[in-house]
Amino acid sequence: MGSLLGRILIISVAVIAILYQFVTKTIIFDTLGYGRPVSSITTFSNVHCQKVDELGLEACEDMWLHEPTGLLYMACSDSQSRTQWLPAVGSLNAQGRGLTDRVAILDTRADGPLSSRVKWITAKNFHGIKGDGTLNLHGMDIRADPHTDTLAILLVNHRPPFDPITRQPLDAAIVGANSTIELFQTTVGSDTMVHVRTFSNDAIQTPNDVAWVNDRAFVFTNDHSRKTGWRREFDAVIGGGSIGYCDQDSCNIAKDTDICFPNGIVRGYDGLFYAPSSITGEVKVLSLNGNRVLSEVASLKIPMPVDNLSVDKNGDIFAAGFPHLYEMTKSFKDPFRVSPPSAVFKFYKKGAGSQRLEKGESHAGPKYVVEKIMEDDGTVLPGASSAVHDAETGRIFLGGPMSPYITICETR
Ligand SMILES: *[C@@H]1O[C@H](CO)[C@@H](O)[C@H](O)[C@H]1NC(C)=O
């Protein structure tokens with residue numbers, strides 16, 4: 001008996017030690033980033049960045065560039081309200097939610113002061129909450145019609161929850177947000193967008209980002225396994241979250257195994273989907289099957305947690321990384337005083353252009369090349385969750401979910 005207890009004890013100690021090695025150490029160093037050195041932006045001699053903090057472009061979590069015109073679409077909020085209402089990080093005080101979240105357009109290639117080049121889009125035909133027309137924005141994707149100047153905008157909308165029968169507010173801290181995905185239609189450069197429909201479905205649980213599949217279907221990430229509750233607390237450690245698929249008729253979960261905090265998903269020019277983990281920095285490369293299921297065909301590793309991905313005109317994929325996720329986490333409570341560091345990575349398939357094989361170091365295994373484009377200790381980059389590259393001008397635009405400003409960087 002004594003020896004059995006002894007053995008159990010030894011095994012337990014061993015298990016704890018192994019857990020420390022693989023789980024705790026991974027979380028403390030790789031995920032949270034304690035002790036990870038961060039370069040200053042000044043070490044990237046070709047990169048020159050400008051903070052844009054006077055235009056009210058706050059908390060612009062997601063950005064999309066209209067390649068032909070250089071119009072940059074941004075899903076913005078206000079930093080203060082995000083400390084109260086950002087379901088992705090468990091901030092669930094619906095009373096404090098933003099009432100002014102909007103999509104902005106910046107004409108990035110025009111001349112003249114930036115202030116003369118910003119436009120705010122008004123939503124038309126959108127009921128919002130009890131007729132107030134409000135949105136609570138997060139991820140976004142836009143599809144440009146190849147033949148006309150029509151744009152189809154998908155927006156993740158974190159609505160506060162209401163009892164469907166009594167219409168009384170429910171406690172979001174208990175039931176979670178009532179997150180939906182909204183489809184709007186607009187034309188290039190217009191300052192209005194017309195609501196087409198709301199996607200509200202059991203598969204849309206904790207949506208973070210959306211990506212068009214074609215003009216009738218899209219995929220989206222659920223960043224957590226549940227809206228609220230204890231299982232959610234373990235997502236970062238044992239994995240959780242899923243990727244869903246919707247078309248005009250229905251939505252379903254397209255992948256929910258072997259996934260951990262999936263975030264800003266994009267569709268690459270190769271037709272594959274790239275879904276990064278904001279915990280591990282692993283990017284899953286997924287292929288969509290005819291039966292609305294995503295299967296993993298490859299993966300690559302970015303050496304820190306990453307959030308949104310974006311594709312530029314050349315098909316290169318850009319990712320915003322969090323060198324110190326623990327500081328990013330602090331900024332969710334205090335966006336005006338905490339300036340978390342950011343990094344921007346670019347990756348592409350090896351061999352997708354012969355000269356590319358020589359450039360850059362590969363952390364990514366055989367198929368992909370990963371390059372760090374810039375990094376900053378929080379001086380000028382905005383705790384970025386989104387980095388969009390204009391291949392035409394070489395500029396990179398950065399926004400963050402909490403950041404009181406956006407940043408524009410010249411890279412040539
Ligand atoms: C969630 O939003 C949808 C779409 O407006 C609505 O039909 C539904 O009743 C809402 N549910 C809750 C719990 O608020």
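Burial first: 54% of the 412 residues in the protein chain count as buried. Keep in mind that this is a predicted model. The chain carries six helices and 26 strands. If you look at contacts with a separation of 6 or more, 58% of them come from residues 24 or more positions apart.

F234 sits in the loop between α4 (230-233) and α5 (235-238).

Now for the rings. The count of aromatic pairs comes to nine. Take F347 and Y368: their ring centres are 6.2 Å apart and the planes meet at 80°, so this pair is edge-to-face. The two residues are 21 residues apart and link distant parts of the chain, with F347 in strand β22 (residues 342-349) and Y368 in strand β23 (residues 368-376). Both F347 and Y368 are buried.

There's also an aromatic cluster, formed by F199, W212, F218 and F220. F199 turns up again in the table, this time under a charge.

| Charged residue | Ring below | Distance from charged end to ring centre |
|---|---|---|
| R102 | W120 | 4.0 Å |
| R197 | F199 | 3.9 Å |

So what does R197 sit over? The charged end of R197 lies over the ring of F199, and F199 is one of the cluster's members.

Key
Residues are numbered from 1 along each chain as its sequence is written. This is a predicted model: local features need pLDDT of at least 70, side-chain atom pairs count only at pLDDT 80 or more; totals for chains, interfaces and linings use all residues. Side-chain values use heavy atoms; hydrogens and water are left out. Helices (H or I, at least four residues) and strands (E, at least two) are DSSP runs, numbered from the N terminus. Buried means under 20% relative accessible area, exposed over 50%, partly exposed in between (1.4 Å probe, protein chains only). Contact means heavy atoms within 4.5 Å. Rings of Phe, Tyr and Trp (its six-membered ring) pair if their centres lie within 6.5 Å; planes under 30 degrees apart count as stacked, over 60 as edge-to-face and the rest as tilted. A charge sits over a ring if NZ of Lys or CZ of Arg is within 6 Å of the ring centre and within 35 degrees of the ring normal.
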